[in-house]
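This report describes a structure made of protein chains. Please keep the sequence and the 3D view at hand while reading.

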Amino acid sequence: MEDLVETMSTDLPREVAPGVTWMSSCLPFHLADRVIHGHNSTYLVQGDHSSILVDTGNPSSWPIISRTLDELLQGEQLTYVFPSHPELPHTGNLPRLVEKYPEVQVVGDIRDYHLFYPQIVPNLHARVPGDSIDLGGKEFVVVEALIRDLPNTQWGFVREAGVLFTADGFCYMHRPELDDEDPVHLPGECGLTTGELSVPIAVENAAFFTGSALYWARFANDADAVYDRVLHLIDELGVTSVAPTHGNFISNIRDVEPIIRAGHKRAYRYETAQS
Amino acid sequence: MNSRTIQPPGPSRTRARAIAAAGARDLIGDRVYRLGADILVDENVSWCPPGIRTTQPVNCYVIKGFGGSVLVDTGVRLHETEILAQLDAVLEPGERLAVVLTRTEMECCLNLPAIEARFDVESVWYTGGITVPRTTAEPRRIMVNPGTSQLVEVIDGIKLEFVSPLMRLLPTLWIFDPVSGALLTSDAFTHGSYRRTPDGLGASDGLCKFRWFSEADTRGIAADVESVVRERQVTAIGPGYGEPFIGVAQCATESAALAAAIREVGVQ
């Protein structure tokens, strides 16, 4: 029997930009011939008077997320939650967050949430791209998701920190074993930023995630068009770092973008055993 | 021997009344029941076609066997009370139950904890890399290459074909029951509640969720939709949301219409 257990890396949480704390749990995927790991990250942005949690993590990781929030908020209430889109790794802890913080405002594209979580309807507040949320000395801006699976996906940006939160965009797998033909990440690298990794992200690993989670990339030969738009957004907003849900925090976006783009291209007509 | 002649024992008249009273409906005789309730589809629902405001059923299904039953998807949390009552009516007391999730998305899996708490769920079958919110049931993750299928004995006496369709956003399974001919299609074939013509011309209304089709070469996807239905002599199509389609001819018509809509929206 396969046992799926998420564990918080001992290197996390860590502050990756001013006021932005990276929290993550790592999920092992058991393939036919190997085990790979995938990040399932959440990010806490703290301003002078308010805070926002970007994505909620999986229900199975609630104990460590709750404990980490206690440590980071030090008795303060969580003000906002921004679920990037309605999938379990991104929204699965919404009911527990509302139970823990009854006044928390759930902000974003909230279509469908009344069907999935009727108990949190009073906490739902719709936001559209361009809307901003004042955290005190920091502003969280809702951004159109340029890479997504579900239609009700949004990205977010904190100008003062230069961090763009991209949900399933800029995601990739990593696995801790060394492999002669496919050298990727060493054990203990789960909490490192991409600028700190001793080995660059492998294009194949980016392609693996893209082909599996962004299934449309197998049929749409549009990687250049998509990533040209993303680069334009990066320039327009002044993005310095990218915070994906499934992958190391990207501190060197100009170096990483070509790798993710190449992975996206390779995903076209990609075949894997993943259904 | 024609496997479609094998049927589990039907419900007693009393139980049949209880099933109807709970709001469960038979999709195919005493073999496949449709559970769930209606929602309002409007601008607050992400899969709503432009200009539509109507009611639509959100469905999950029970496939009955001799030694237990299989629940395909668990419905939306909004309908938790109704679905538990319908399961109470459809299942015999103490009946063994396995759950199959067509996707690990919210409209498929969020009632799993409540169902596990009330019924003896022995296994949960699903695909993809996302964990499911189960507690004690055995997790059975299955990988099926897109465009292929696997025959799986989900619970003693119930063999279902797990079809991995090319039409999807996320890892998806369509479930085919060879005994009844029912094909349960998750987030595909969802156009049954929208404006329709007799030849199925409303099929494009079920594609709102699949916006990526407009940037993709969809010919293979369309062909896959047609072949899945054609090769199996499907007698009923049961979507995760939307009215089902009943009868071999109707299923063929709808699959042809959906395939045509997929071809039309794509890049050729």
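A:Ala167 is buried, with a relative accessible area of 4%; "buried" means under 20% relative accessible area, "exposed" over 50% and "partly exposed" in between, with a 1.4 Å probe and protein chains only. A:Ala167 belongs to strand E12 of chain A, residues 163-167. Helices (H or I, at least four residues) and strands (E, at least two) are DSSP runs, numbered from the N terminus. The phi of A:Ala167 is near 50 degrees, which is positive although the residue is not glycine. Most residues other than glycine have a negative phi.

In chain B, B:Asp73 also has a positive phi, near 70 degrees, and is a residue other than glycine. B:Asp73 sits in the loop between strand E4 (69-72) and helix H2 (80-90) of chain B. B:Asp73 is buried, its relative accessible area being 5%.

## Basis of the model

This is a predicted model, in which local features need pLDDT of at least 70 and side-chain atom pairs count only at pLDDT 80 or more, while totals for chains, interfaces and linings use all residues. Residues are numbered from 1 along each chain as its sequence is written, chains are lettered from A and ligands numbered from 1 in the order in which they are written, and side-chain values use heavy atoms, with hydrogens and water left out.

## Chain B

Chain B contains six helices and 13 strands. Of its 268 residues, 63% count as buried. Among contacts (heavy atoms within 4.5 Å) in chain B between residues at least 6 apart in sequence, 63% join residues at least 24 apart.

## The interface of chain A and chain B

At the interface, 41 residues of chain A are in contact with 45 residues of chain B. Together the two chains bury about 3800 Å², 62% of it on carbon and sulfur atoms; buried area is the accessible area (1.4 Å probe) that two parts lose on being put together, summed over both.

On the side of chain A that touches chain B, the elements giving two or more residues are strand E3 (20-30), helix H2 (88-91), helix H4 (113-116) and helix H5 (203-213) of chain A.
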